[in-house]
Each structure stands twice: as structure tokens, then as C-alpha cells.
Amino acid sequence: MNYTEISNERLGETYYQVKHPSGLTIVVCPKKDYNSAYALIGTQFGSINSRFICNGKTVTVPDGTAHYLEHKLFESEEGDAFHLYAKTGASANAFTSFNNTCYLFSCTDQFKESLEILFDLIQSPYFTPETVAKEQGIIGQEIKMYADNPDWKVFINLLQALYQNHPMNKDIAGSVESIAEITPEVLYECYNGFYNLHNMVLCVAGKVSLDEVLAVADSKLKNNEPVSTESVFPDEPYAVAKPLIEEKLPVAVPQFALGFKENAPLEYPTLKEYLCTNILLDAFGGTGSALYRRLLDENLINSGFSSSYLSGPGYRTVVFEGESREPRRAAELIQEAVVRLHETGISQEDFDIALRSVYGNFATSFESPASIAYEFVNAHFARHGVFEAADILAAVTLDDINERLSHQLDPQNCALSLITGIE
Amino acid sequence: MSDLNRELICEGVAFNHIADTRFKLGRISATLVVPLNRRTAAANALLSFVLTRSCRLYPDFTALNRKLSSLYGAALYPSVSTLGDLQVITIAVAGLDDRYTLQGETVSAELAELLYNILFDPKLVDGHFSDEDVEQERRQLIEMIDADFNDKRTYAINRCIENMCRDEPNAIGRFGMREDVSALTHENIMSAWKQLLNDSRVELAMLGSADPTRVREDLRGHFAGKPRKVTLSTIVKNDVAEVRRFTETEEIVQSKLVMGFRCASPAVPADRIANTLMGAILGGTPTSKLFLNVREKQSLCYYCASRVNNTKGIMLIDSGVETKNIEKAEEAIMEQLRLLKNGCITDEELQNAKLAVKNSLISSQDSLGALQLHYITGVLTGQTLSPQEAAALVDGITKDQITELARQIKPDTVFSLIGN
């Protein structure tokens, strides 16, 4: 079978990429002398893909359908997939995010058998009114558990404040009401559109060879006719939906999330844009920054403070999150610092330091089979390479960062989410 | 590969070296172990954060963190935990392996120097730690203690242990009590520093591809000449007069039920593994008795899991439950425990648990952090097996051994956090 071999000498890493005849894209990154293998298969069907055109037909599904489908695929006619993996000793799981659903296992032995289970799972949809109804109780419990989780709520509420129309403003699991509308027909329609192997990717890293993976793929994967499945998103205005959202929960220390919304095309950011944002955020808000110090000195944050970049089809937002006794004041200071940042830009010294830090993080992401598998799946969905990051980081300049800044962190376009205690 | 090379470099101080060239990172850590007690726990915890905030050479938080960033985003962090009735303070540095630096820098040597600076040459003002560092870290530590309340699963587990072990050191918790942190003086923190360096059990660890000789000799020099008299022990109780119940209410949607039990605390490696297997069969995996019956078949909980603490000889079963089901869930959990004690373990259950425990042991060899934890926790509890050797013992464990251990389980405390 034709495969592409891609190596990076500096990192001492090699991976192989294959378009399997079944339609599945397969990426394998063997790690010499490792004891475990990590396999991750994913499709770009997440909570935001609630409206799509599949072979010419427009489909709209209830909120929470992607997550519901993940639960239902994780069990087969014979029962829960955990029972199947229990016989191989693999540790298995599945998760749904905003823009994808992934199924995974990690094992030290019986890799072939575990991969067979994984392939069977995603190729054996089995939905009846009874099995679909049965899941409503357990997912309802999951939704309730998340409702008590301040870390989750502060983040989900922020997205509600940021997005007016884009389905990023919906909880990934949907609501007790929305999941009640899910039927077997809905699940089959989503399955046929997004779980077609042409629309999926498998990444395996660790104690594994390309041949081992291909042998299982050849024996287990059924050839799929390509289908075109295109998600449709509503127009999203540039402006945030509302500047402030506050909820009361039993917390001892209030939590905040401050998001700066950007213009977001339906494409993912390029790898260069993504890396430049990482450098920018490390220089501006990392532990060595003037902002971090000022927030600490004024007792407004603790070591839980972090910044991150949330990006995908139709959404791009920089998020600052933390715990604070005075969350409003913390947010105010960050906003003031953002205004100054646009006046001064990042300094050469801050850039030099942040660049090394981002390079170190990139190199060490090749440490564990799990992080490698995630790196490759995310790169595939975002349609960029993985090793290219090394070249981009070798060439990136301060001007690139300050140019990037001109599209980001608009102080006029941010929203604050607060979780405060119950008096 | 990944085998432990252990050398006692001076009284009470061991240097543990694990040579491994597979990783992109190198790691050096100092683990300082002392008895957990109310008098010193808070000071030790606060000290560990103060120490990693600055040092004489990098005298403030920003200078130190910029140094770490320029060392390719190296990490320097304290971790404070309990192991039975011991308080375990680890200060670790981890950074890019020298082979992967852009200009051939020796990050490993710089990180070793940084660790010595952090431990032995802190920034002192008039003979004590600076007000700024102490007050900053005191505030953050109190916020961390308070934040345990934010996550109700953690909070309910902590409350169960506090009630169950109220007369035992481990009830104090890893950070000590909140009010003790508030009351700490400069003298308390200074004496915690001296005591931790001079009279604790010290387990040093170096993992990665770098040559350990220089670091080992440097550390020998730093730690030598201290008459270490610390004695470490853990109370293991196995007599329970009656089950005690505690209930709190909170504005939450899903209630929490945490059941605390006394169980065996075996010293022999094979018995510890058997105890771990027992916990896995009962509620440690997605095919365990609790998961399958209480969660899946009876739909009484969203999660229902057991964890065995071998060192302390306690087992906790924690679950997230709808309030109306809380009594039924407790009965269903006790029923599964009764079955286990009666030896109702299928071959499949035993085999599944063995595979899961082996998988987890062998996987730990693929991470420097997990390797460090395996070996250091091992040597502190008298277990010196490599993950591979421990995994090899798993197959020999019998149903009878597990049933025997299950029969030693006694219910002690039930803590419920009830939603409105």
C-alpha cells in the first residue's frame, strides 16, 4: 500500500500516513522501546455540527446529538464496549467536544484485538427506539453533574456571552429537553454523514508498527463510498452577545473567564497563526509576564490562572481563566493591559523568551503516545502538518507576532463570565 | 531500561537514578518526607510554595519564571501530598533533554543548579523569608484549600476522610488546616525549612538521559553531615465500633455519597497487589461490580467507584447520586461488597481486573512523571519492584487471596452531601 513517510531529524521522530482503500486516513507514529500504544479515531462531528448538508439534503439535529451518538456507538449489540476492551486489558474511552468526537484506547498487550474492537464499534451502528430511550437517564445524570461543576459552567457561560448565533453557545451534551427529541433516524443520519470512513482519521502512537495497523485495517474496514458532508453555520456577527454573564453556585473562591472574540472564518487558523498566538499569549500572560506579576501583586489571581486559544470553524477566541476573590477587578486589569499591549506591542526580549518556551512545549509533546495521537488528530482536522511547527518556530519573527496581535485581543469585543458564591 | 539504580548517598538520603534515553524531557526531584502532624503540616506546605517562588539568584517570581521560560519552558513545581500518615513534599524540575535544544545548551546542568538554589539558597531578608513571598503564597495556599470546596466530588471525599480519621494524622490533609496556614509566623516557616532539609527522609530522583555523576555528588555535598532521626509510621486501624454517619446539604443538582471502610494494609508486595485487584474488581474499572450493577443495571448513580489506599488501610467508595436514590444506592453498594466477601468473583472478573492492573503498571513506564511516582512511592512503602516486576506478580494472585482480603473490609463512616 502507498504510504508517506515523514521524518524530523531534530526531534528524532518519524511517522507514516496512509489513505486506506476503505477511505480512512491512517497516521502511525512508532516509538522505539515504548511499552504502550495509544489509538485515537475521530470524526469532525461535535456539538457545533448540528446542521449539515449530506449528499444534497439539509439536516438539522437536536442539541447534544453528537455526544448522544458517541454514547450509543460506544455500545454494540453485545453490550457496552468496556466489556469487550476488558478482555484485552486496554483502557478505553470516548469523548465529544465542540468540533469532533473521538474514540480511544491505550494498551500494552493485545493491540490487534483492541484495534479490532475499535473498528467494530465505529462500523456497527445499532439504534432502536428502546436503546435510544435507555440512554436518556444516564446522559441526563451527566448533564446534571456538569451543572454543579463551576470550572465547566464558567466556560460554557462565557461562550453563551460571546456567541449570538453560532452553536458554540450551546452546551456539548445539550439539555434534558433537547436530548428527549433524539430518535434512531436522527442518529443514523448523523452516522451516515460523519462516520463515513472518508471523513475520519485514525492516529496510533507508541509500541506499534505501520504493518500491524494496516493488517487490522485490511481485515476489518469495509470500503466506504465517499459522501460529502458539509456543516452549515449561521452568520455570526463580530460583536459579542453580551458583555457579562453571572451565575451563583456554591463556590468558596469565585471563578472568572474573560474571552476576546475574533473574526472567525470557517477554516481553522493556519499552523503559523496558531503558533504565533501561543507565543503572544505566553509573552503577554504567561508566568514570566508583567501582567501575571501585576495580577499576583494585587492578589487577583492564583496559580490556577491560564490563557488559551479556542479556535475552529466559525469561532476564534482568546480566553483568560482563573479564580479570584475580586474577579471583576482581575478582568478589568487584563482589559487595561490589552489596551496597552496594542499600543506597545510585544518587546523583543519577551518574544525571545516566549519563543523558547513554545518550542520546548512543542518538542515535549512528542513524549507520550497519548499526546502524539492528539497532536496528529488535531493537525488533521485543522488541515496542517505537525513537524512543520519546528520550521515555523525557527523562522518566526517579532513582526509576525505583532502582526498577529492586530487581529486578536480586541478590548472592545470581550465578554466576562463569573461564577460567584451563594451568600 | 527504566530500572532503578539506587544509592544511599548519606544518612537517610537516597539518590535514585533511572537512566532512560527515550524521552524528550529530563527530570530531577527531591522528595522530603516527614510525619504528618498539625504542628508542622501547614508550615511545610507553605514553605514548599515559598521556596519555588524565588531564590537568592532569581529573587522574584518574575525573574525566576523568565529563567524557566528561557530554559525551553522548563517546569519547577512543588507537590504536597500525603502517604498514609506521612506528609510528602516533592520539589521537581523538568525540562527539555539536552539532545533537543536549538543551540546545544545543557539545560540539564542549569536545571540541577536551579534545584540546588531553590532548596539551599533561598532569598532571605534579615534571616527570614521575605514578607512579600510569604504573604503571596499564604493567600494562594488558602485559596487552594478553599477551592477544594468548589469541586463537590473532591470535597465530599475529603469530608469523609476527615470524619473517618478524625483522631489520626491523615485527617489533617496535605496542606494542614486553613486556620494554621493563616497563623503561621516567619519563625514557623524558617524552622520548617531547616527541619525539612535536615531531619526528613530524603528521596532524590534523576530520570532521563543526562549523566547523573555530577548531580549525585553535588547533592551528596548538600545533604551530608546531618544526623537524621526522623521516624515515619502510619496508624492502621482495623477495629470499628459502629458505623458513623455525617450529612451536609448544599445547593447542588447531584448528591454525593462517600462510604469509608477500613481494610488491610499489607506489607508484602504480592498482597498489596491482591488488595489493589480486590479494589479493581469491586469498583475500579468499567467492568467492576459497582459500575456494572449499581450504575449500569440499577441506574442508581452516575459514577460509583472504589479506591483502595494500601498504605493507610482504608477504602473509599464514592458516587454521584440523585437524592431520591441515595439510600437505595447505599444498599446496592453494600450488596456488591457482600458478594465480594462471599467469594462471588467470576473468572472473567478476576481476569479483567488483572489485565487492567497490569496495563496500568506497564504503561507507567512510558512517562517520566509516572516512573518517578512509582519508584519513590515504592521505596517509601518498602516496595522496590519495577513496574514490570510488579506486573509479573499479578498473574499469580488467586481468588482466595482476594476474598481473604475482602473479608477484612469493615464499614466505618458514611458521608452524604445532599443537594436541594
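The stops below go from the chain contact to domains, helices and sheets.

**Before you start**

This is a predicted model: local features need pLDDT of at least 70, side-chain atom pairs count only at pLDDT 80 or more, and totals for chains, interfaces and linings use all residues. Residues are numbered from 1 along each chain as its sequence is written, while chains are lettered from A and ligands numbered from 1 in the order in which they are written.

**Stop 1: where the chains meet**

Show chains A and B together. How many residues does each chain bring to the contact? Chain A brings 51 residues and chain B brings 47 residues. Two residues are in contact if their C-beta atoms, placed from the backbone, lie within 7 Å.

Now select the chain A side. Look for α2 (81-86), β10 (101-107), α4 (129-147), α10 (290-297) and α12 (348-364) of chain A, the elements that give two or more residues to the side touching chain B. Such labels are DSSP runs, numbered from the N terminus: helices are H or I with at least four residues, strands are E with at least two. Colour α12(A): with nine residues, α12(A) gives the most to this side.

Next, colour by class. The side of chain A that touches chain B has 22 nonpolar, 21 polar and eight charged residues. Here Ala, Val, Leu, Ile, Met, Phe, Trp, Tyr, Cys and Pro count as nonpolar, Asp, Glu, Lys and Arg as charged, and the others, Gly among them, as polar.

**Stop 2: two domains in chain A**

Colour 4-231 of chain A as domain 1 and 244-420 as domain 2. These bounds come from an automatic or database domain assignment. The C-alpha centres of the two domains of chain A lie 27 Å apart. In their contact, 40 residues of domain 1 of chain A meet 32 residues of domain 2 of chain A.

Which element gives the largest share of the domain 1 side in chain A? Select α5(A), which supplies nine residues. The residues of that side divide into 23 nonpolar, 13 polar and four charged.

**Stop 3**

Two packed helices are described by the angle between their axes and the distance between the axes.

Select α1 (residues 65-73) of chain A and α4(A). Their axes come within 10 Å and cross at roughly 110 degrees. Axes are lines fitted to C-alpha atoms, for helices over the stretch in contact, and angles run from 0 to 180 degrees between N-to-C directions. That makes α1(A) roughly perpendicular to α4(A). Angles under 35 degrees count as roughly parallel, over 145 as roughly antiparallel, 65 to 115 as roughly perpendicular and the rest as oblique.

Show the side chains. A:Tyr68, A:His71 and A:Lys72 in α1(A) meet A:Thr131, A:Val132, A:Glu135 and A:Ile139 in α4(A). This contact has three nonpolar, two polar and two charged residues.

Move to α3 (residues 111-123) and α8 (residues 210-220) of chain A. The angle is about 40 degrees, and the axes are 10 Å apart. α3(A) and α8(A) are therefore oblique to each other. Among the contact residues are A:Phe111 and A:Leu115 of α3(A), and A:Val213 and A:Val216 of α8(A). By class, this contact has five nonpolar, no polar and five charged residues.

**Stop 4: a six-stranded sheet in chain B**

Bring back chain B. Find the open sheet of six strands in the order β1-β2-β8-β3-β5-β4 (chain B), with mixed pairing. Two strands pair if DSSP finds at least two bridges between them. The edge strands are β1 (4-10) and β4 (75-83) of chain B, each pairing on one side only. The twist averages 20 degrees from one strand to the next.

Six bridges join β1(B) to β2 (residues 13-19) of chain B, and these strands run antiparallel.

**Stop 5: a five-stranded sheet in chain B**

Find the open sheet β9-β13-β10-β12-β11 (chain B), where five strands pair in a mixed way. β9 (244-250) and β11 (301-309) of chain B stand at the edges, each with a single partner strand, so one side of each has no neighbour in the sheet.

Zoom in on β10 (residues 255-262) and β12 (residues 314-321) of chain B. Eight bridges join this antiparallel pair. Which residue of β12(B) is the bridge partner of B:Met259? Click B:Ile317.
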